[in-house]
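Biologist: I'd like to learn how to read this structure feature by feature. Could you take me through it, general idea first and then the case at hand?

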Amino acid sequence: MIYFDNSATTKIAPAVLQTYQQVSEKIWGNPSSLHDFGEQAHQLLQQARAQIFDQLHLHAGQVYFTSGGTEGDNWIIKGTALAKASFGRHIITTQVEHAAVLESMHRLEQFGFEVTYLPVDKTGRIRPADLQAALRSDTILVSIMAVNNEMGAVQPLLSVAKILQQYPKVHFHVDAVQALGKQLDQVVFNDRLDFATFSGHKFHAPRGVGFIYARNGRTLVPLLDGGGQEMGQRSGTENLPAIAALSKAVRLLKTNEAAKVTQQQAIRTCIYRHLQTFSKVVLISGLSDEFAPHILCFAIRGVKGETVVHALEEQGIYLSTTSACSSKKGLPSTTLAAMHLDPDVINGAVRISLSDQNELEEAHQFNRVFDGLYQRFAALS
């Protein structure tokens, strides 16, 4: 089996699974309990928090644990809106965000907030000048993803950060779910960042656990009220085995990160160069630094994306039609539509997404299989 759907979810790493199992078996106390067993759990919780903070070289802020990227995006966007509504009700995002961001924005619009959706160019990136023009005196939040989950465009966050230096009261949120472990920390953790969202199952941690980064001094209203866990910011008994496993996954991810990214770039380039040789293949992602190293989106004109997915599945190769969240719903890609691509390209788009567990030989095997499938598709059309 060749698994090329890592932007949807990754396989949990053996060492991470081992940590999860050990904590489940040995430290099952509630971190909020007063007895020694609860204190052991609390100490492990804080240790995991500190390890993530150190591994990512964070400063002037805090790590809060969540259930994943969707909760993190909802919390930061809606929590900012609740905290700053008296100062303004205008928010800026882009047309190519993940559904967790876009649907949160749509929900806020129902409550009287105004949202500006920045357009993108043919590479899927915003123009910083458009952001500058959209900022107003009542703007309270700018939310822009680091890496597009469908076609891998890396947004110009450093240019965004430079513009927002002039607007110190505006919250700046980055959905970094697809960026961790891809040598993009310098872009994500810029000097102007206020909040960032991360999801464990995108980097070999368990599903159902993630974290946000929040800069000190930025007010964020909790969405979950109750027992006051996570320093009063996110109530609910912490999923300690998953959090400990998450911390282990971050450490493994950051070990030899450059070599892992180079390997993913080599796999992507091998497939990209091969696909370039076919007249009906449209390459939507690129190989430049404007694209993340692990995502390659392409289409075969005249062939539906789901047809390509199932044809490759029959050969033991697993990828997806752009976003996994919308693929089963049969919805067209909002990202590719925002890029003004032809409808046949949008309907035919598929995504290869890699992790550090993929190998170059898998690219060669994909290319061999694709040759036969392309001939079959060409004959049908």
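Biologist: Let's start with strands: which residue in β8 is the bridge partner of phenylalanine 198?

Modeller: Before that, a word on what we're looking at: this is a predicted model, where local features need pLDDT of at least 70, side-chain atom pairs count only at pLDDT 80 or more, and totals for chains, interfaces and linings use all residues. Residues are numbered from 1 along each chain as its sequence is written, and side-chain values use heavy atoms, with hydrogens and water left out. Now the general idea: strands (E, at least two residues) and helices (H or I, at least four) are DSSP runs numbered from the N terminus, and two strands pair if DSSP finds at least two bridges between them. Here, the partner of phenylalanine 198 is phenylalanine 211 in β8.

Biologist: How many bridges join β7 to β8, and do they run parallel or antiparallel?

Modeller: There are 5 bridges, and the two strands run antiparallel. With β6, β7 runs parallel, joined by 3 bridges; there, aspartate 175 has threonine 197 of β7 as its bridge partner.

Biologist: Which strands does β5 pair with?

Modeller: Strand β3 (residues 90-94) is joined to β5 by 3 bridges, in parallel, with isoleucine 92 opposite valine 142. β5 also pairs with β6 in the parallel sense, over 3 bridges, and leucine 141 stands opposite histidine 171 there.

Biologist: What about a helix: which residues of α6 are buried?

Modeller: In α6 (residues 157-164), they are Leu157, Val160, Ala161, Ile163 and Leu164. Seen down the helix axis, these buried residues fall within an arc of 160°, so they line one face of α6. That arc is taken from the directions from the helix axis to the C-beta atoms.

Biologist: And what covers the buried residues of α6?

Modeller: The cover includes α5 (128-134), β5 (139-143), β6 (171-175) and α7 (185-188). Contact here means heavy atoms within 4.5 Å.

Biologist: On to charges. How many salt bridges are there by the rule you use?

Modeller: The rule asks for a side-chain nitrogen of Lys or Arg within 4 Å of a carboxyl oxygen of Asp or Glu. By that rule the count comes to 16. One of them is between glutamate 290 and arginine 125, at 3.9 Å, N to O. Glutamate 290 is in the loop between β9 (281-283) and β10 (295-300), and arginine 125 in the loop between β4 (114-118) and α5, so the pair ties together parts that are 165 residues apart in sequence.

Biologist: Is arginine 125 buried or exposed?

Modeller: Arginine 125 counts as buried, at 16% relative accessibility, whereas glutamate 290 is partly exposed at 32%.

Biologist: Which side chain meets arginine 301 in a salt bridge?

Modeller: That's aspartate 342, at 3.6 Å, N to O. The pair links distant parts of the chain, 41 residues apart: arginine 301 is in the loop between β10 and α10, aspartate 342 in the loop between α12 (334-338) and α13 (343-348).

Biologist: Which residues are linked in a network of salt bridges?

Modeller: Arg192, Asp194, Arg215 and Arg218 are. Arginine 215 lies in strand β8 (residues 210-215) and is buried, with a relative accessible area of 17%. Leaving out residues up to four places away in sequence, arginine 215 touches Ala60, Gly61, Asn190, Asp191, Arg192, Leu193 and Asp194.

Biologist: Last one: where is leucine 82 found, and is that residue buried or exposed?

Modeller: Leucine 82 is in helix α3 (residues 69-84) and is exposed, with a relative accessible area of 57%.

Technical notes
Buried < 20%, exposed > 50% of the residue type's maximum accessible area, 1.4 Å probe, protein only.
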